[in-house]
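My entries follow in the order in which I checked things.

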Amino acid sequence: MLKVENVNKSFGGLTAVAGVSLDLADNQVTGLVGPNGSGKSTLFHIITGFYRADSGWVLFRDKPIQDLPPAAISRLGLIRTFQQTRVLPFLSVRDNLLAVAPDQLGENILPVFFRPRAIGRQERDNRRRAGEVLQLMKLDHLADRPAEELSYGQERLLELGRVLMCRPKLVLLDEPTSGVNPTLIRQIVQLIRKLQVEGMRFFLVEHNMPLVAELCERVLVMDAGRLIFDGAPEAAQRDPAVIEAYLGKNREAS
């Protein structure tokens, strides 16, 4: 489904991603882990079009996407979340979802005059879809409340709901449980499991290693911009290169 081939990215004299290649094929949930500064978020930015790679290829469903802008990539069904939530605090929880519904006819001037019934049908469909997503997120009781009243964990859920409104094929989650209380973490885990059963695929950056081991069939480990491990989570915990990457960074910090 997603292929990255020999991707490189530098900032000045600093190499952030060095010759990374991967193929997610049809893995349901894949984890990307590594010490801080290892290049994980930079790789996510490259895959989703926020950074342009210096060299290499990114293919999604066999289509090269490394030269496409983020909006075009998201329309193909590859959508991401960010480390910091990006909900719209001044809108209601429901309107946060409606705002991101794709291909809205009412956004263009001609359909307003010539296709008002089609616009009405689409708006009803979007509201129905938003209601389904809110129920899935267990946020339906907050639908009419301003998003700024949500807890941080609920904002995380709402951001994931905004992604689901676009019916993605692959979701890139950047630290989805960071700063979230244990109860909502379990809710996020249950949600990901439900969606993967329904055919959605996930690629996530996460520092919570027990969670990675629980959720992911496969884990990739980066260190100093390079991919140093690709395999099962249990094997990663025993791999000498992975152990050195984590323990070495801890020794340097000490």
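In what order do the six strands of the open sheet stand? I read the order as E6-E7-E8-E3-E9-E10, with mixed pairing. Helices (H or I, at least four residues) and strands (E, at least two) are DSSP runs, numbered from the N terminus, and two strands pair if DSSP finds at least two bridges between them.

Before going on I noted the ground rules. This is a predicted model, in which local features need pLDDT of at least 70 and side-chain atom pairs count only at pLDDT 80 or more, while totals for chains, interfaces and linings use all residues. Residues are numbered from 1 along each chain as its sequence is written, and side-chain values use heavy atoms, without hydrogens and water.

Axes here are lines fitted to C-alpha atoms, for helices over the stretch in contact, and angles run from 0 to 180 degrees between N-to-C directions.

Inside the sheet I followed strand E3 (residues 29-33), which runs parallel to strand E9 (residues 218-223) and is joined to E9 by four bridges. Gly31 has Val219 in E9 as its bridge partner. Helix H7 (residues 182-197) packs on the sheet and touches E3, strand E7 (170-174) and strand E8 (201-205); contact means heavy atoms within 4.5 Å. The direction of H7 makes about 145 degrees with that of E8.

**Strand E1.** I then checked E1 (residues 2-11), which pairs with E4 (residues 55-60) in the antiparallel sense over five bridges. Glu5 has Trp57 in E4 as its bridge partner. E1 also runs antiparallel to E2 (residues 14-23), with six bridges joining them, and Val4 is bridged to Leu22 in E2. E1 and E2 form a hairpin with two residues between them, and Gly12 in the turn has a positive phi of about 65 degrees.

**Cores.** A nonpolar core is a set of buried (under 20% relative accessible area, 1.4 Å probe, protein chains only) Ala, Val, Leu, Ile, Met, Phe, Trp, Tyr and Cys residues joined through side-chain atoms within 4.5 Å. I found 45 residues in the largest one, where Met137, Leu158, Phe202 and Leu215 have the most contacts. H7 gives the largest share of this core, seven residues. A second, separate core of 24 residues includes Leu43, Phe44, Ile46 and Leu172.

Definitions and conventions. Buried < 20%, exposed > 50% of the residue type's maximum accessible area, 1.4 Å probe, protein only.
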